[in-house]
Amino acid sequence: MVGIRSYGGYIPHYRMNRMVIFGSMGWINPANMLNAQGEKAVANFDEDSLTMAVAAAVDCVDGFDLSELGGVYFASTTAPYKERLNANLVAGALGTEETIRTADFAGGLKAGTTALLAAIDAVGAGNANDVVVAASDSRLGKMGSAQELMFGDGGAAFLVGDQDVIAEFKGAYSTGHDFVDHFRGAETKFDRQWEDRWIRDMGFGKFIPEAVAGLCEKCGVKASDFDKVIYPCYYGRARKNLNKKMGFEPDKVIDNLQAIVGDTGVAQSLVMLSKALQESKAGDKLLVISYGSGCDALYFEVTENIKNLAPRIGINGYLARKAELDSYTKYLAWRRMIPLETGLRGEEDHWTRWSLVWRKDKMILGMQGSRCKKCGTQQFPAQRVCVRPDCGALDEMELVYLSGMGGKIFTYTSDMLAASINPPALYGTVDINGGGRFVFDYTDCVLDDLAVGKPVDFSFRIKFYDKERDITNYFWKAVPVAGGVE
Amino acid sequence: MAEGIRDKVVILGMGCTKFGEQWEANSEDLAIESFNECLKDAKIEKKDVQAAWLGSHIDEVNIGKGGNFLGLTLHLPLIPITRTENFCASGTEAFRGAAYGVASGAYDIALALGVEKLKDTGYGGLPDSPAFGQMATMVMPNATAPGMFAQIASAYSAEHGVSMERIKEAMAHVSWKSHQNGLMNPRAHLRKAVTIEQIMGSPIIAYPLGLFDCCGVSDGSAAAIVTTPEIARKIKPNEDLVKVKALQISVSSGEEQMYTDWDGAGMLTTKMASKKAYEEAGITNPREEISMMEVHDCFSITELATMEDLGISAPGKATDDILDGFFDLDGQLPCQTDGGLKCFGHPIGASGLRMIYEMYSQLLRRWPEERLVKDPHIALTHNLGGVPNQNVCSIAIMGLD
């Protein structure tokens with residue numbers, strides 16, 4: 001039985017009330033008031049589609065042994081690299097073996113489900129054991145655009161396999177249409193879209209029913225057989241009409257999170273699927289449809305194993321952890337939409353030395369440290385000579401991944417002098433659980449959240465962005481655990 | 001068993017420029033000025049200098065690498081010149097090189113000169129340079145010196161159960177006292193008295209450090225000429241001589257940064273270097289035996305923690321000593337008698353030698369009465385370079401012959 005073994009989700013910490021955007025940009029198009037309802041999820045200044053995919057994947061594989069993993073697939077239309085396989089960074093962050101199949105899926109917004117289908121096909125064909133599929137997007141609309149209001153940031157991840165599946169894959173139906181409703185050229189930062197009425201009527205209005213009909217016929221089921229129906233469409237009234245047209249009971253149609261997250265691009269239907277699985281029971285039949293350059297329709301049935309899967313943070317967990325972003329200009333700065341003065345200090349050039357990065361690849365991406373076989377001391381970064389003063393053994397180390405260990409705050413500060421696009425820079429020393437300490441950035445928090453002894457989790461984030469060479473560098477940061485006890 | 005260099009080296013002469021924003025002076029001008037004052041004080045000629053050590057730290061925005069700068073600036077006659085770079089100990093390292101050169105018998109007379117011009121960076125604070133190697137850029141926070149040193153406060157508070165308010169109050173006294181001293185010093189960069197209220201109310205640079213808890217960067221140079229006691233007595237038969245009693249360096253082992261035993265409330269290197277320096281100098285009770293000090297007050301919290309690391313204040317009790325005025329100019333153990341880094345700013349390669357210059361001048365009673373420490377015999381200087389979890393500490397102890 002091939003299907004989903006586990007799921008994970010991620011919604012970034014910051015949410016922006018859409019009226020904050022409209023309050024700044026409504027003057028250019030007052031009609032955008034119609035889109036200025038609710039809030040959208042905003043990736044922090046040190047997050048992007050890759051880090052959000054990692055966060056979802058970390059949530060997804062928590063508790064699973066990855067030593068037999070067959071592949072890592074990453075889907076996004078906003079990946080940091082055109083050349084340099086982004087999926088390798090996801091795999092590196094998860095600390096997988098390098099002898100696996102890694103692939104990026106991009107282009108149309110259906111690429112997320114296509115990655116999921118590719119994983120299902122690989123496992124089904126016996127070519128891979130487990131495959132991690134992670135999808136995320138952080139798309140941009142121009143200042144004052146409808147897309148700026150509609151788009152949100154988030155990600156979802158799934159572990160596909162043939163053991164202990166919690167949702168059995170029952171079938172799929174796909175279409176590919178060169179229907180250019182949304183568009184970005186290879187050199188373009190912002191989304192451009194054609195007329196809404198055309199997208200609504202000729203896009204969502206035609207292709208979603210086409211995919212549903214195709215799947216139902218192929219799998220011998222009726223639309224009304226499904227307990228949870230997932231499809232993207234941010235036009236509210238069109239959604240109601242589509243439900244009626246296709247015979248979906250409104251209470252079986254999963255909310256698209258438009259009011260609290262926004263359209264998460266390639267991740268949209270997968271974020272909804274992840275959330276739906278978090279709320280599913282054995283026997284539920286799920287219909288998942290993606291939309292964008294065509295559709296994928298997938299049919300899953302939830303199994304009894306769902307009871308055995310340890311709880312995930314999931315979309316629901318991350319939705320509950322939130323902070324308000326009340327500054328539109330901060331949003332612009334975070335998304336690098338405007339030139340920002342970070343002082344002459346901020347103009348200092350930092351090269352990325354790729355041959356060095358390659359040697360330290362597992363330290364940077366996987367937070368790999370070492371444990372001394374002589375004295376048992378865990379340390380970071382990995383050492384050849386044991387750091388424990390009364391040990392000092394040479395080359396007696398085993399390598400260990402530490403990103404999942406969490407830690408405790410040992411020292412902290414809030415630095416107004418450091419060049420940052422999000423001052424003050426919060427950082428300090430963290431004692432890693434199980435041993436070792438290192439100076440980390442703190443993120444998703446404010447100074448008042450920091451106290452000596454407070455527990456932290458590690459989160460994969462953008463370490464620095466080299467705008468001269470368009471290089472995004474990543475490392476792990478420490479996030480104070482919500483409600484953590486000192 | 002090595003016996004150290006106690007009493008084997010005499011400081012024959014010293015020089016020190018005014019520190020400050022020297023917009024019209026090049027590094028060359030600063031070096032020439034400190035060297036000439038030093039030469040005059042030593043009562044020798046340039047040709048008598050047999051070897052030189054040059055302290056500088058941030059070579060990228062300054063004088064470049066190697067010892068060439070000094071040879072080319074002073075036109076020294078093809079003598080050995082070694083540039084010493086060891087963070088904020090660079091100046092004291094130059095002094096150590098020269099002193100060891102003399103103590104070993106390799107040279108009769110040697111020069112140590114520190115120079116640093118930091119005001120050509122275009123911005124305040126130390127330059128953003130890859131001080132900890134290329135990997136630091138990839139994995140460590142984009143940290144600044146105040147941010148790294150500020151962390152001592154959170155650890156100190158947790159370790160000793162001293163409230164952050166009490167720490168802030170003591171830190172304010174540290175800076176207040178230094179400004180009081182710097183006010184009287186024509187060579188100081190900042191010569192303004194500030195009130196405790198001004199200090200406490202200054203904007204936060206890196207929590208809990210405010211603007212007045214931080215020293216600034218500056219331009220400056222200081223120099224020393226050292227020789228043997230025998231030669232010194234020939235050149236200066238009727239003058240007091242200042243002898244080197246101890247020179248010690250300690251460098252982090254990584255246990256601060258990576259192992260979890262360190263309490264973060266002070267510097268292991270300062271503890272180690274001062275212990276060895278007291279042994280070398282024959283000091284058993286530093287609190288009573290040391291007459292005055294110049295310590296590395298890059299930040300007021302550093303000075304606070306250093307008082308315990310040096311064994312002057314009992315663990316957890318530095319705030320008491322500070323607030324009791326123990327380290328004030330009229331206190332039992334005056335500290336930063338010239339105004340410290342707080343008032344001089346910190347041209348890194350020059351600072352260690354500037355501190356020695358102040359102690360040397362105090363021991364020789366060269367200052368106006370109002371600035372003089374009463375009856376000094378033993379003086380200590382201390383540098384702490386790098387950041388609390390990976391650093392280098394230098395200690396120099398000197399005394400009257």
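## Where chain B meets chain A

In this predicted model, 33 residues of chain B are in contact with 44 residues of chain A. On the side of chain B that touches chain A, at least two residues each are supplied by α4 (134-139), α5 (145-160), β5 (204-206) and α9 (255-258) of chain B. Of the elements, α5(B) gives the most to this side, with seven residues.

Sorted by class, the side of chain B that touches chain A has 17 nonpolar and 14 polar residues, together with two charged residues.

## Two domains in chain B

The domain assignment divides chain B into domain 1, given as 10-121 + 219-243, and domain 2, given as 143-216 + 245-400. Between the C-alpha centres of domain 1 of chain B and domain 2 of chain B there are 24 Å.

## Where the domains meet

Within chain B, 37 residues of domain 1 are in contact with 37 residues of domain 2. The side of domain 1 of chain B that touches domain 2 of chain B receives two or more residues from each of β1 (10-16), α3 (90-103), β4 (109-117), β7 (219-227) and β8 (242-251) of chain B. Here α3(B) gives the most, with eight residues.

By class, the side of domain 1 of chain B that touches domain 2 of chain B has 18 nonpolar residues, alongside 11 polar and eight charged residues.

Key. Residues numbered from 1 in each chain as written. Chains lettered and ligands numbered in written order. Predicted model: local features only at pLDDT ≥ 70, side-chain atom pairs only at ≥ 80, totals over all residues. Contact = placed C-beta atoms within 7 Å. Helix = DSSP H or I, 4+ residues; strand = E, 2+ residues; numbered from the N terminus. Nonpolar A, V, L, I, M, F, W, Y, C, P; charged D, E, K, R; others polar. Domains from an automatic or database assignment.
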